[in-house]
Amino acid sequence: MSERQRAHDGVAWTVIMPIKPWDGAKSRLHVDASARRSLARAFAQDALDAVLACADVADVVVVTRSAEVADLVRRAGAHVVDEPAHSGPDPLGAAVRQGTDWAIAHRPDNPLAVVPSDLPVLTADELGTVLRDAATHELSFVPDANGDGTTILMSRRPDLLRAGYGVGSAERHRSYGGVEMQAPAGLRRDVDEFDELLEAQAIGLGPNSAATFTQLSTRATA
């Protein structure tokens with residue numbers, strides 16, 4: 001996707017998006033395995049489409065160990081980096097480091113953002129606004145809707161990124177010197193549990209997520 005190299009006011013962001021295999025994702029939604037898989041795929045498609053459509057983003061790097069995910073995102077126009085085979089107790093952290101290494105090697109002077117694949121309300125315009133606001137900060141982040149976690153993590157250069165995802169990550173990123181960014185609800189509402197999916201629906205799901213949710217709701221009431 002490097003041929004795009006398009007960005008607002010000359011600032012070309014690199015975005016890392018770790019994506020799990022859909023068969024093993026969203027276990028806390030407490031719906032059947034088929035529904036979990038469909039929702040995880042739809043969330044990822046909507047989040048990826050929003051990032052690819054953002055005028056401030058030049059490169060999208062998906063870190064995954066799923067051949068199915070890799071095939072879809074390559075066709076969409078993103079780079080693919082293989083997730084480490086042995087990621088230890090923190091697979092998300094390992095995936096972020098793998099993506100950061102790619103950015104350091106290929107786009108060392110461009111700002112970097114980590115965007116999760118479970119933001120089904122994400123829009124290109126809202127993402128662009130936050131990225132532009134964050135462009136001058138060495139490290140910045142968007143707290144999740146609960147205030148405890150982190151959705152989007154950003155740095156002025158890839159070598160400045162310091163990621164500490166997991167429980168309490170918002171406070172951890174503050175302790176690293178990260179600046180807390182104001183962001184609309186769609187950038188803060190990641191979805192792990194069913195109540196969070198209902199909140200995302202109230203905000204406005206992306207097209208793939210909305211269609212999948214409607215299909216599953218219709219099937220459940222049939």
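Helix axes here are lines fitted to C-alpha atoms over the stretch in contact, and angles run from 0 to 180 degrees between N-to-C directions. Helices (H or I, at least four residues) and strands (E, at least two) are DSSP runs, numbered from the N terminus.

The model is predicted: local features need pLDDT of at least 70, side-chain atom pairs count only at pLDDT 80 or more, and totals for chains, interfaces and linings use all residues. Residues are numbered from 1 along each chain as its sequence is written, and side-chain values use heavy atoms, without hydrogens or water.

Overall picture. The protein has eight helices and seven strands. The C-alpha trace spans about 55 × 35 × 35 Å along its principal axes. Of the 222 residues, 52% are buried, meaning under 20% relative accessible area with a 1.4 Å probe, protein chains only.

Where do α1 and α2 run? α1 covers residues 33–53 and α2 residues 67–76. Their axes come within 11 Å and cross at roughly 30°. That makes α1 roughly parallel to α2, since angles under 35 degrees count as such. The crossing is right-handed: the near helix is turned clockwise from the far one by less than a right angle.

Who touches whom? In α1, R37, R41, Q45, L48 and L52 meet E68, L72, V73 and A76 of α2. Contact means heavy atoms within 4.5 Å. By class, that contact has five nonpolar, one polar and three charged residues.

How values were computed: Angles under 35 degrees count as roughly parallel, over 145 as roughly antiparallel, 65 to 115 as roughly perpendicular and the rest as oblique. Ala, Val, Leu, Ile, Met, Phe, Trp, Tyr, Cys and Pro count as nonpolar, Asp, Glu, Lys and Arg as charged, and the others, Gly among them, as polar. Buried means under 20% relative accessible area, exposed over 50%, partly exposed in between (1.4 Å probe, protein chains only).
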